[in-house]
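Hi,

Here is the structure for your files. Please look it over; my notes follow below.

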Amino acid sequence: MAEHLLPKSSVHRWLSKLLARYAVYVPLEREKQVHWHRLEPGDLETEPDIIAPAQRRIRASEPVKSFMFQPRQRVGAFPDPLQPTEPERRVLLGIKDCDLVPLKVHDKILGEGEFKDPFYLAQRKNTILVAADCPVPEQSCFCNLLGLTPFAQTGADAALSIVDGDWLFEVEESGQELIDTAPELFSRLTGETSEVVKRDEERKTAVATLNMINARPLNPDLPGAIAARLHDEAFWRKHAETCVECFGCLMGCPTCYCFLLYDQAKENGLDRTRAWDACYEAAYARVGGGANPRAEFIKRFANRFDCKWNQFKRDHGMYACSGCGRCFKACMGKIDIRNVLGEL
Amino acid sequence: MNNPYQPIPAIILKTMDETPNIRTFVLKPEREIPFLAGQFVELTVPGHGEAPFTPSSSHFMRDTFEMTIMKVGRATGALFDLKPGDVVGARGPFGTPYPLERFAGKDIYIVGGGVGLAPLRALFLALIHESDKYGRFFLRYGARTPNDIVYRHLLPEWQKIPKVDIDLSVDVSDEKWMKKVGVVTCLMDDIPCDEKKSIAVVCGPPIMMKFVNQRLLDAGFQPENIYLSMETNMSCGVGQCRHCRLGPYLTCKDGPVLTWAQIKDIENPFV
C-alpha cells in the first residue's frame, strides 16, 4: 500500500482524466440526501464545489451492492441461451465502510460457492472500489456496534481521506491504475506527514463520535441470544407492532441478498430475471402445493433477525449487517433495529 | 463462465398417466444431467415458471430421465398441457444425493405416500441395481384410493425382485382392494428389520412424514438413520436465493433429503 496526495487544485483535472477512461460514479447531495451520481464531464464545470463536500457525508441512500448485484438483472433466456456481455469499466469513488464490508457478503454468496453468479462477478471485476472516510457520523449510524469503522480497512482498491481540502489516497496495487491516469498530479508520501497525522486524528474523532451515539455494545453472543428467543412471539410482536410490511428496510439494506428468479414469456420462449426479493413477503417461503412455513408475519419478522445476526454469522463468520442505518431511516413504523438488537 | 440460472432444452419423449392428476414425463435433455438419487432438477415450463422435481428414474440411465409430477399449481398445470415433442427447460442436478455408502450392508426400510413414491423410485432403482451391496429392501406405500397409486404396473414387477418386500395401503378402498385400508402407518405395526441398524427413507406429504417419522422413532430407528425429503420453496437451486431455508439448512444445497438428526431441533419442520 502506498500513500499519494492529490492537491485540492488538481482534483478536477484528475477527475476529467478518470472520465476519459472509466465510467465514474460519485456521491452527490440532492435535497439534503446523498445519492450516487454518474459523473459527466460537464459536471466538473457546473458543480465543481459539491463533489468534495459529499465525500465527507455518510453513505448514499442507495446501497453500493446495487452496482454489482443489480435490483433487476436478466440472467437467462430460453430456448436460445443468454450471451453475457462485458460490462463497462467503472470507478465508484466514495464508498463508506458500511457499504464496502457488505460486498464481502455478496462475494461469499454469489462469487465463492460451488455455483457462481457470472453476472455479479463480471460487474465486480470491472469495478474499481475507492473508499472514503466518514468523518461526520450521524445519529442513524451504528457501524461501531458491528465492528466496522468510519473508514475502510480492507476490501477497497484505494481509500480517500480529504485533509484540508487536499485528497489523500491510500492505494493498493489493484488501485494503482487510478494514480497512473495522471501520475504528474500526485505526490507520493512517505512516513508520518502532517496530512497523515491529521487524517488519523480525524478518524479517531469519528470513532469517538460513533461510540457516543452508540455507547452500549451489543450482546457478544447475539447469535445465541437470537436462537434462544426465536420462538418467543411476544418479544418479536412487541418490536414488530408498527411494521406495515413495506419492505423498505430490506430494499435499502446493503447486505440483503435474497432474490427471486422469474420468467417472462416472449415469442417462442422466455426471459429470466433475477430480482431482489424480500423475506417479509407473505409468499416468500410458500411452496407450489400451497404450504407456507412462515405464513404469519411475526415468523417472517423473527426470521430476518435469525438470518442476518445468527445464521449468517454461524455460516460465514460475519454479521449480514454493517450498521448503515438505512433500514430504520426507511422505516415508516420507526422501528430502530438497535432497540431490537439491544434487547437481545 | 457457466451460468447456473440458464436452463437447457429438454424434449418430452413420452408421457404416462399414473393417476388422474399424476403423470410421468420422459425427458431427453440436450446435454446429460448427471444426477444421483436424491438430487433434483429445476424444470422450466416456458412462459409459466420453474419448479423443482426429483427424477424418478435410475441414475444409472441419464441420457433420458423421468419425472413423475402431480398437478398442483401454475407451472405443473401448464406442464400437463404439453405433449410429446414439446420442449421444456432443465437445470441441475442440484442438492445432495442419498449417501448410499452409509446404506451399505444395511436393510433399507422405505416409506412413501402419494406422489412421494416418485423420488423414492430413483433411490429404489439405484439400490436394486447394486443389490448385493445392501441388506433387504422394504417398501411401504400408501395412497388415498386404489386409483391414486402411482407405478401400479411396476409394483408387481418390483415384488418379484429378490430381497424386496412390498406392502400397500389405501385410505379409502374400493370393492376390488384386497390389501390394508388406512394411512400408511398402518403398515408399520410390525417392522421386519433391525430398527437399531437399519436405514429408513421417507417421502410423502408433510403430515404423513410427521407421523411416519414419529412411528420410526418409537420403533427404535436412530435419528441419523431416518432420511426425510423436505419440501421447501427451492427456487434458485444453487444455495443463493434463500427461499428454501429450513432452520440452519438450505434445502436446495444441504437437502432436499435431510436426516431427522439434522432437523429435529427445528420448530415444526413438517409444515
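Asp164(A) sits in the loop that links strand 7 (158-163) to strand 8 (166-171) of chain A. Helices (H or I, at least four residues) and strands (E, at least two) are DSSP runs, numbered from the N terminus. Asp164(A) is not a glycine, yet its phi is positive, about 50°. Asp164(A) is exposed, with 9 other C-beta atoms within 10 Å. The cut-offs, with C-beta atoms placed from the backbone: buried is 20 or more other C-beta atoms within 10 Å of the residue's own, exposed is 12 or fewer, partly exposed is in between.

This is a predicted model: local features need pLDDT of at least 70, side-chain atom pairs count only at pLDDT 80 or more, and totals for chains, interfaces and linings use all residues. Residues are numbered from 1 along each chain as its sequence is written, while chains are lettered from A and ligands numbered from 1 in the order in which they are written.

Lys163(B) also has a positive phi, about 75°, and is not a glycine. Its loop runs between helix 4 (155-159) and strand 9 (164-170) of chain B. Lys163(B) is partly exposed, with 15 other C-beta atoms within 10 Å.

Now the cis peptide bonds. One joins Phe78(A) and Pro79(A), with omega about 5°. Pro79(A) lies in the loop between strand 4 and strand 5 (90-95) of chain A. Another runs from Gly255(B) to Pro256(B), omega near 5°.

Last, the interface. 34 residues of chain A are in contact (C-beta atoms, placed from the backbone, within 7 Å) with 34 residues of chain B. Strand 10 of chain A gives the largest share of the chain A side, 5 residues.

Best wishes

Technical notes:
Contact = placed C-beta atoms within 7 Å.
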